[in-house]
Each structure stands twice: as C-alpha cells, then as structure tokens.
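Please look through the structure below before reading on.

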Amino acid sequence: MRSNNIRPPWHVLVAFIVPALIIYTVFMVYPLFDSMRLALYQQQADGSQVWVGLENFIRLFNDERTTDFDIRFINALLHTFIFFAIFMLVQNPMGLFLAGLLSIKGLRGAAVYRSILFVPTTMSIVIVGWIWTLMLNPLWGIVSDIVAGVGLESIIPKAGWLGDPNTALPVVTLVGVWQYIGMPMILFLASLIGIDDDLIEAAKVDGATGWDIFWRIKFPLVLPTAGVVAVLTFTANFVAFDNVFVMQGTQAGPSFATDILGTYFYRVTFGGASLLPNTSMGATIATMIFFIILIGVLFYLFILRPRLIRD
Amino acid sequence: MTQTKHKIIHTAPPKSLRDRIAGVIPYILLTGYSVVALFPMFLIVINSFKDRKELFRTPYQPPIWFTFEDGFQILNTFSAEGYERVFNQSPVLGYFANSIFITGVSLFFVLLLGTTVAYALNEYNFRGNRVLYVFMVVGVMIPLRLGTVSLIKLVTSLGIYDTHIALILVYIAKGLPVGLFILSEFMRQVPGELKDAARVDGANEYWILFALVIPLIRPALATVLVFQLIPIWNDLWFPLTLAPSEGVRTVTLGVSSFAGQYKQDWSALLAALTLAMLPVTGLYIVFSRQFIRGLTRGALK
C-alpha cells in the first residue's frame with residue numbers, strides 16, 4: 001500500500017506533477033470555466049466582448065428577436081430527452097440481456113460472441129452513420145427490403161426513413177443504439193461475472209429456475225452497474241452530436257426533426273445555412289448543457305446511487 | 001481448462017429433451033445478434049468491390065468472376081474503381097499518417113504523464129495531495145467539448161489553431177483524468193517493501209518509477225491504452241472544430257468530408273468507408289481478447 005512517509009526532493013515532485021497539471025488545467029479546466037464566463041457577454045462584430053449578464057440565458061427561453069433561439073432550444077432539448085429515453089429503454093436493457101446470455105456457465109464460444117458483439121462499438125460514428133445512411137436510402141433499399149421481408153411493408157415511410165419527420169429521430173437514435181450497445185453489455189458482463197457462484201448453486205439446490213435466479217439474485221446485484229450505465233448514457237447523450245451531424249447534417253433535418261442539443265450548439269457556434277456564427281450564444285448553450293449534466297450527475301450520486309446500493 | 005471438463009463429466013446429470021432445447025436458445029439468440037452486428041459491415045465491404053450498376057443490382061452478393069447459373073459462364077462483377085477514385089481524389093494516406101501521428105503522440109503522453117502524476121500522488125505525502133487528486137480526476141465526468149468556444153480562442157491565441165499540436169494537447173488533457181484514475185488503482189497494489197528496499201540501496205525516485213514500478217503496472221498501462229485509443233482515433237468533434245484543413249485532417253474527419261462531397265459516387269463512398277474501417281477494426285479483431293479483458297478490468301474499478 002501507500003508508503004506515505006516519503007518526502008521526495010522538490011525537483012521530483014515538480015517533474016512528476018507539473019507537466020500533467022499544466023496541460024490539464026490549461027486545456028481542460030480553463031476552457032470549461034472560460035466558456036461559462038463568455039456566456040455572460042455578447043461578442044461584437046469587431047471581436048470585443050460586451051457584458052450582458054444573464055440576457056443570453058433568457059433568450060434561450062424567451063427570445064424577443066427574430067433569431068428564434070427559444071423555439072430551437074426547447075425543440076432540441078425535447079429531442080435530446082427522447083434520444084436519451086430511447087437509449088435507456090432499448091440499449092441498456094438489451095445490453096443487460098446480451099450480457100446475461102454471455103455470462104451463462106459453460107457457454108461455448110462465449111469469448112467469440114463477446115468479441116463479435118463489441119465490433120460496432122469500436123467503429124467511428126462517421127463510418128457507422130454512413131453505413132446506415134446508405135442502407136436506409138430508399139434507392140438501395142436494404143432496410144426496407146428487410147422490413148418488407150418480415151411483412152411490415154406498411155410502416156415504410158414514403159419520404160424514406162431519414163426523410164420522414166416521424167421516423168428520422170428514432171431511426172438515427174437506433175443506429176446509435178446499434179453502435180454503442182457494446183458498452184453497457186461489457187459493464188453488465190463485468191458485474192455478472194463477479195457474482196459468487198455459490199449463491200447461484202445454492203439457489204439451484206433450492207429449486208430456483210433460471211428466471212428466478214436472474215430476477216431475484218443477479219438483477220439486484222447488477223443494479224449499481226445499471227446506475228453507472230444510466231449516468232454514463234445521460235452524459236453521453238446530452239453532448240451527442242456526431243450521430244445527427246453525419247446522418248442528417250448540421251441542419252438536423254427534416255425541418256429540425258433530429259435537432260439535439262449537441263447539433264444546436266454546433267450550429268449556433270459555427271453558423272448554419274441561414275445562421276451567422278454566434279459564439280456567445282454557443283457558449284450559453286454549452287453552459288446550459290453543463291448544468292443539465294451536473295443536475296443528472298448529482299441526482300445519480302445523492303438520490304439514485306444510495307438506493308441502488310442497499311447494503 | 002482440464003479441471004472444468006472433468007467437473008462437467010462427473011456432475012452433469014443426463015439431460016431431458018426440454019433442457020436440451022432450452023440449452024440451444026442462448027446460441028440462437030447470440031448468433032442472431034451476431035448477424036445483426038456484422039451484416040452491415042459485410043454488406044459495405046462486399047459492395048465496395050463492385051461498380052455502381054452491380055452494387056445496386058445485386059447488393060447481397062459478393063463480387064463474382066463466373067457463374068454456373070446457365071452452365072459455366074464468365075461473369076465478372078468485381079471492380080476496384082471505387083478504390084481508384086478514393087486514392088485519386090483525396091489524400092487518404094495523408095489522413096492515415098495524421099491520425100497515426102496524433103493518436104500515437106497523444107497516447108504516449110497520456111501514459112507518461114498519467115503514470116508520473118499517479119505515482120507522485122499515491123506515493124508521496126505532501127500538503128494538498130488529496131485535493132490535487134480530486135481536482136484532476138473530476139475531469140472524467142466532464143465532457144470537454146462544452147469548452148469548445150473558449151478552446152478555439154485559446155489555441156488561436158497560442159498560434160496553434162489548425163495544427164496537430166492543438167489536437168494532441170486537447171487529447172492529453174482529456175485522457176489524463178481517466179489515466180490517473182485507472183493507474184492510481186494499480187499503483188496502490190505495488191508492494192511498498194519493494195520500493196523501500198530500492199531506496200535503502202540508494203536508488204533515486206526516477207529509477208524507482210521507471211525501472212521498478214512501470215514494469216509492474218504494465219496491465220494498467222494496457223488498460224489505459226484500450227480506454228483511450230478508440231475514442232481518440234474515432235473522434236470527429238475536435239478535428240472538425242480545431243484542425244479542419246486538409247493537410248492536418250484525421251481519417252475520421254477526412255472520411256466525413258469525403259463522403260459529404262462524393263455522396264453520389266457510391267463505389268468510392270463504400271471504398272472510403274471500408275478503408276477507414278480497416279485499421280481500428282482490424283486491430284480490434286486481432287487483439288479482441290486482450291482488448292475486452294482490458295475494458296472489463298477498467299470497468300470493474
């Protein structure tokens with residue numbers, strides 16, 4: 001364990017700590033706080049910053065100018081919650097289910113299955129996004145072929161999966177689920193493998209079925225992991241940008257149907273088709289996202305986690 | 001291995017038909033999902049070796065050179081024209097070189113600086129030790145992209161906007177909290193007696209860290225590598241916002257802009273996607289066991 005009584009020469013401390021501390025402080029801590037500061041100013045055409053207090057934040061909820069920051073922000077916020085809900089309801093239960101299968105005692109080829117199921121998670125969202133954009137394209141019609149193959153032709157949208165405002169957001173989200181399912185799967189698998197075998201054996205001797213064992217023994221024991229997975233999903237979803245950017249572009253079409261906070265933040269900061277770049281409003285949106293994530297993390301730490309870890 | 005086999009032979013009672021059927025279900029489900037996970041990649045790779053006409057006509061068929069449909073016939077559906085156009089129209093190899101350089105240098109410094117700081121904070125007792133640890137680890141939870149507006153101003157004022165260095169510094173800063181966290185867990189397991197014995201023999205602190213401790217924590221270094229390699233290689237956000245011009249572009253950003261530009265050229269698009277998929281997915285396939293082990297080890301912490 002820690003020796004703790006060592007008092008090293010000062011140059012050792014400096015050499016070991018200072019380089020990391022400087023890079024971390026300058027390129028991580030400073031930009032995050034400075035962005036929050038910039039949210040309180042409005043950048044002028046000549047580059048100077050004029051103090052506006054909380055006006056930028058007010059504009060996100062009630063914009064009296066023609067820039068419609070309020071409409072777009074609320075729209076993106078709502079979509080981000082839908083995005084998060086789909087991840088929580090589809091990706092995480094499926095990740096747990098797959099982990100449950102992979103953790104079956106004596107399963108042959110478990111390592112091979114595990115490796116295969118993780119392949120999509122190793123790929124860049126740019127590649128995954130384009131692969132699915134092509135497969136969803138009505139010209140090529142791969143996804144439509146499959147959907148028609150299982151007798152669901154009636155649900156194929158005429159404007160294409162990514163062109164119909166009703167299907168675009170769920171479809172883009174499900175592509176994300178397909179890609180990232182490996183993460184919850186591995187996390188759940190790690191905690192399932194850690195469960196004491198004797199516990200399971202004892203339950204079997206008492207006549208418990210596989211179903212009982214899963215719900216009464218394993219499930220309560222993986223709940224803390226479910227909490228970790230939930231908070232990681234939340235954080236990732238509220239800064240997600242790439243999925244929509246690659247598949248639907250910066251305009252997050254059709255008519256902003258797939259706009260989430262990450263894409264809106266990008267469009268405001270760097271400008272879009274008819275939008276001038278506005279770094280002050282960009283910093284404001286980033287600050288709002290920061291506070292939303294902070295609330296989520298605090299909720300997890302102080303309310304959710306104590307309930308998930310019972311003993 | 002042999003022990004588990006032994007156990008199965010002796011303890012498994014004869015299985016009823018119902019048990020046997022139940023025993024097959026996991027295999028059916030896992031194989032089914034494996035198809036779901038691999039089919040898109042398979043489709044992209046086989047169609048990248050066809051011309052536009054063929055990839056629309058027979059999307060589910062690998063390229064063929066002959067057929068037996070009507071007796072033996074020469075029927076060539078193989079074409080590498082997509083690849084030719086990718087190499088002619090974009091500096092793909094340059095993108096790869098940029099990605100390898102940026103990822104390699106960033107990872108080297110995440111490991112080096114992460115190790116030195118993790119060692120110092122766990123080994124030495126000095127004022128502010130705990131505070132410093134919490135300060136540097138808290139970054140694990142905070143997505144750096146929220147600081148992008150200020151980061152652009154910062155790298156511009158340092159004169160490194162649109163350079164490899166900007167990306168490398170950002171990835172080091174982003175990787176350090178994760179590195180420090182994982183490495184600290186392992187540092188605490190290195191026995192103190194070993195280090196004390198070396199100190200009694202007159203070894204200095206640099207020697208103890210680099211010659212004694214680092215070889216002992218190699219699995220931890222591998223875990224940190226696994227946690228950082230893929231996110232850095234695959235990152236789109238920072239190349240897009242901090243280093244977008246063609247000369248410094250990474251593969252991930254390069255493919256993104258190539259695909260946007262040549263949307264209509266399906267063969268070239270599929271070829272570009274296949275090329276971009278190759279390095280990390282190939283590396284993963286070769287090292288998948290070590291990789292998953294590293295991830296699981298990190299996940300348990």
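Where in chain A is the place of Ala252(A)? Ala252(A) sits in the loop between H11 and H12 of chain A; helices (H or I, at least four residues) and strands (E, at least two) are DSSP runs, numbered from the N terminus. The model is a predicted one, in which local features need pLDDT of at least 70 and side-chain atom pairs count only at pLDDT 80 or more, while totals for chains, interfaces and linings use all residues. Residues are numbered from 1 along each chain as its sequence is written, and chains are lettered from A and ligands numbered from 1 in the order in which they are written.

Ala252(A) is not a glycine, yet its phi is positive, at about 50°. Ala252(A) is buried, with 29 other C-beta atoms within 10 Å. A residue counts as buried if 20 or more other C-beta atoms lie within 10 Å of its own, as exposed if 12 or fewer do, and as partly exposed in between, with C-beta atoms placed from the backbone. The loop between H11 and H12 of chain A also holds Phe256(A), a residue other than glycine with a positive phi near 60°. Phe256(A) is partly exposed, with 18 other C-beta atoms within 10 Å. Pro254(A) has its place in the loop between H11 and helix H12 (261-270) of chain A as well, and a cis peptide bond with omega of about -5° joins Gly253(A) to Pro254(A).

The next topic is the packing of two helices. Two packed helices are described by the angle between their axes and the distance between the axes. In chain A, helix H1 (residues 10-38) and helix H13 (residues 279-308) pack at an angle of about 120°, with their axes 8 Å apart. Axes here are lines fitted to C-alpha atoms, for helices over the stretch in contact, and angles run from 0 to 180 degrees between N-to-C directions. H1(A) brings Ser35(A), Met36(A) and Leu38(A) to the contact, and H13(A) brings Ser280(A), Ala283(A), Ala286(A) and Thr287(A); two residues are in contact if their C-beta atoms, placed from the backbone, lie within 7 Å.

Chain A also meets chain B: 65 residues of chain A are in contact with 69 residues of chain B. On the side of chain A that touches chain B, H1(A) gives the most, with 15 residues. The residues of that side divide into 48 nonpolar, 13 polar and four charged. Ala, Val, Leu, Ile, Met, Phe, Trp, Tyr, Cys and Pro count as nonpolar, Asp, Glu, Lys and Arg as charged, and the others, Gly among them, as polar.

Chain B has 14 helices and two strands. Its radius of gyration is 26 Å, well over the 19 Å that the globule rule gives for 301 residues, so chain B is more spread out than a compact globule. The radius is taken over C-alpha atoms, and the rule is 2.2 Å times the number of residues to the power 0.38. Of the 301 residues of chain B, 42% count as buried.

Chain B is divided into domain 1 (14-79) and domain 2 (83-300), with bounds from an automatic or database domain assignment. The centres of these domains, taken over C-alpha atoms, are 36 Å apart. Their contact takes nine residues from domain 1 of chain B and seven residues from domain 2 of chain B.
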